[in-house]
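Subject: Handing over the two-chain model

Hi,

Here is the structure I promised to pass on. Have a look at it first, and then read my notes below.

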Amino acid sequence: MSIEITMPALSPTMESGTLAKWLVKAGDRVEAGDIIAEIETDKATMEVEAVDEGIVAHLLVAAGTEEVAVNRVIAVLAEEGEDANAVPAGVGQDADMSGGEADPGGPQGGSVAAPARTQPAVQEGDSGAAPAAAPGRPLAGSDAAGTRLKASPLARRIAAQAGIALPGLTGSGPHGRIIKKDVEAAIGRAKAAPVTPSDAGRGVGADGLILPQLLDDRIYDPESYILEPLDGMRRTVARRLTESFMQVPHFPLNVDIALDRLLTARQGINDAAPDGVKISVNDLLIKASALALMAEPDCNASYTDRGIAYHKSAHVSVAVAVDGGLITPVIRDAQTKGLAALAAEMKDLAGRARARKLKPQEYTGGTFSISNLGMFGVKSFGSIINPPEGMILSVGAGEKRAVVDAAGQIVAATMMSVTLSCDHRVIGGAEGARWLAAFKRFVETPESMLL
Amino acid sequence: MSDFDLIVVGSGPGGYVAAIRASQLGLKTAIVEKESLGGVCLNWGCIPTKALLRSAEVLHLARTADQFGLKIDKADFDLQAVVKRSRGVASQLSGGVKHLMKKNKITVIAGTARLEQASPAPRVVVTDTAGQDTGYTAAHVILATGARARAIPQAGLAPDGKLIWTYREAMVPDALPKRLLVIGSGAIGIEFASFYNELGSDVTVVEAMDRILPAEDAEVSAFAHKAFEKQGLTLHTSAQVKGLTRAEDSVTAELTLNGQTEKQTFDRVILAIGIVGNVEGLGLDALGVRVDRSHIVVDGFGRTGVPGLYAIGDLTGGPWLAHKASHEAVTCVEGLAGATDAHAFDASNVPGCTYSHPQIASVGLTEAQARETGRKLKIGRFPFVGNGKAIALGAGDGLVKTLFDAETGELLGAHMVGAEVTELIQGYVIARQGELTELDLMHTIFPHPTLSEMMHESVLASQGQALHI
């Protein structure tokens, strides 16, 4: 019997993704564990491993196809002793079409056309493989590099009229041509997106961002700037931050924290640590944040329409700047982790974040965020909350300042300013202040983190 | 292991195309046919009627030879020879399908099929001419059993094969009826009305709707109405046939015309009041196949909701056209075979053709339908009388009408009446399929002198830029 390989779900909420690349071709022999394809979501590239061994009989989804529905059959393997040429491609396809779907009350209601399902209502964000054509000129046939943008004349005109950029749309016409239906779907999503507050709670997904009108050629000469097409990450960051800034009532709380004892403690820890283990200030701040969340559990909360979710564990999202955007890998159960383990995990996550190799479950599911721009010398700043988290801590640079000590003397101390942005729907001023006090206590008396 | 990858039931333009495409995709395929390969289209529909209509057209030309400066003393016809030619054309093409099946290594099973519950697809049981049953299994089964003329026996509107005909008897007349009643003015009714009128029958058409060819654009309907009346056809719209009473060699029809009931006597009657799907005897109930008013309910890939079972063509509902069936065949087979370019059937771009004299052809929305969408329209009209080729052909009676969305330039619909429009319409179908806008069509060069120039002019006219009117 032939073996079907289906589109994997990279996260529990994933509905579809982009089949970025095939690493095998029909006729290739694969062993269990071989990497056969790369799947992209808006934030990560994932490798698909073969579970069984066999000969690749058919690749059913072309590389670069966006919005391939989860569980759709993407390839068929011929088993040992089976003639790969004799394996019908349709075996898998049909199972996909008449099986899995919740449909058959009536085929029309379900309308479960396989190709149609590759662009269902929800996702458009996985546009990593979008044709790199010039978004600056939606009516032009190609970009500067000469890459042809395939779109029907009607699709081009409707897109121009609606202010939708064609690159980034998935073409459902022949050879991936963008047709009227695709543009209308994008317009529909763009209209639907802003009125779904619950969408903010979704980890990744629905894009539907209407792009701002292009720069007016009469005011900004197109030769005077370089237009960089949006990729999936950029779109997702833009959409989520816009939603957060517009929908979440933010308020900031500031506090100055003395760092000297933490720095001394860090020195001692690193001196005593075995080779290869090095704890950063940031690692200590992550740990302190997690402990403060445990100390003030009211602050480890998410606003939802059904009620406020109080998280039992501290999953700390750490903002990492990467080429072309921002990603927040999550240290799960940070309150339970020893510093060495935490530091090692952070190093691994940050490295893979920059290589865009994080799995979705590694950058979703945080309950609190921390963003540190101290290394750039920023004194203090406020961040935008990463929904559905309730708070984000912005960490400024540690610097020597003249402070008045307990005895009334002016002394030099290493100080840092932090700003806590809170979602006022879940965090009151007093709760936020109590959390900051707890955080300050852990940082200023680092030994207490050992308790 | 199944006997076949695919079994197709019915070998009309849906079924035989499905079988060929499946074979091309490497599926081991069988086709079941209870009569002649090619189905109604080849044997009793499109093809033989076109042969008949061609005879009528040539006759018309011969009779109007003097308009071309020619002298033909007496143009006449031999009905038996006309019918014989039509049958010859049909059997030639049926033979062609047989050859295609052989060439594509498709197993042809003669007999009547019914389905039995099985997995992964229903089992196909075929009863051959000797009454012997044989069961076949396949991974997929496509039903393409077609449709037949609708009858309303309660109103006496039931064919008897002798005085009251369907298209089938109308195609093989033994004698020319002097007075002919055609009930229904859709494509089938109008084509036969046009044919018999040309041969000299006194033809009356009764249509229940307020205009003939009710599926067409109202302007084209009205244009055709006038043209037919000029040729001597009697057309009654908003009229009903209350009953038919058969005598020895005539039929008396009780007609309601303008609210008045009157009786008229005819030699023959042709029933063209619609189509019903051939859903009986297939065992659909037991399988739980959804049937809505004699047609199987399917999605864009012909899937019925019963695993492994598909339906295409007339069986799945209108428009009841061979090219619709053939296209559904391809979308269905490519879908089930997982072909890379598989796409769902799009019912919005099926051209309609009526091969009467004059011909009628259309695609997309009618003006009324387009207005219902609330869009702002730009409408182009170009008459045949403004076209050199049409005048040279002696075919100056006709109209090309185009409808565009004023904002997006989308070609919403095209409607044509006149000579050869059934050959022209594909240009607009391609334009719609490729989503060309009015500008693309305006920028296209049309050859001169051709009838196709009118298609260009109609588009130009929609923008107020027609050159020859």
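This is a predicted model: local features need pLDDT of at least 70, side-chain atom pairs count only at pLDDT 80 or more; totals for chains, interfaces and linings use all residues.

Residues are numbered from 1 along each chain as its sequence is written, while chains are lettered from A and ligands numbered from 1 in the order in which they are written.

Chain A
Chain A has 11 helices and 19 strands (DSSP runs numbered from the N terminus: H or I of at least four residues for helices, E of at least two for strands). Of its 451 residues, 43% are buried (20 or more other C-beta atoms within 10 Å of the residue's own; exposed is 12 or fewer, partly exposed is in between, and C-beta atoms are placed from the backbone). Among the contacts in chain A with a separation of 6 or more, 65% are between residues 24 or more positions apart (a contact is two C-beta atoms, placed from the backbone, within 7 Å).

Helix α11 of chain A (residues 429-444) is worth a look. Buried in α11(A) are A:Gly432, A:Trp435, A:Leu436, A:Ala438, A:Phe439, A:Phe442 and A:Val443. They sit on the same side of α11(A) because they cover an arc of only 160° around the axis (taken from the directions from the helix axis to the C-beta atoms). That buried side packs against β9 (250-258), α7 (260-272), α8 (281-295) and β19 (410-423) of chain A. On the face turned away from it are the exposed residues A:Gly429 and A:Ala430.

Chain B
In chain B there are 14 helices and 25 strands, and 51% of its 469 residues are buried.

Helix α3 (residues 46-63) and helix α6 (residues 187-199) of chain B pack at about 35°, axes 9 Å apart (axes are lines fitted to C-alpha atoms, for helices over the stretch in contact, and angles run from 0 to 180 degrees between N-to-C directions). Their crossing is left-handed (near helix turned anticlockwise from the far one by less than a right angle; clockwise is right-handed). Helix α1 of chain B (residues 15-24) and α9(B) also pack at about 35°, with axes 8 Å apart, but the crossing of α1(B) and α9(B) is right-handed. Residues of α1(B) in that contact include B:Val17 and B:Ala18, and those of α9(B) include B:Ala329 and B:Cys332.

Cores
Which residues have the most contacts inside the largest nonpolar core? They are B:Ala18, B:Val141, B:Ile142, B:Ile183 and B:Val269, in a core of 140 residues (a nonpolar core is a set of buried Ala, Val, Leu, Ile, Met, Phe, Trp, Tyr and Cys residues joined through C-beta atoms within 7 Å). Helix α9 of chain B (residues 322-337) gives the largest share of this core, eight residues. Another core, of 51 residues, lies apart from it and includes A:Ala290, A:Ile327, A:Leu420 and A:Cys422.

Cheers
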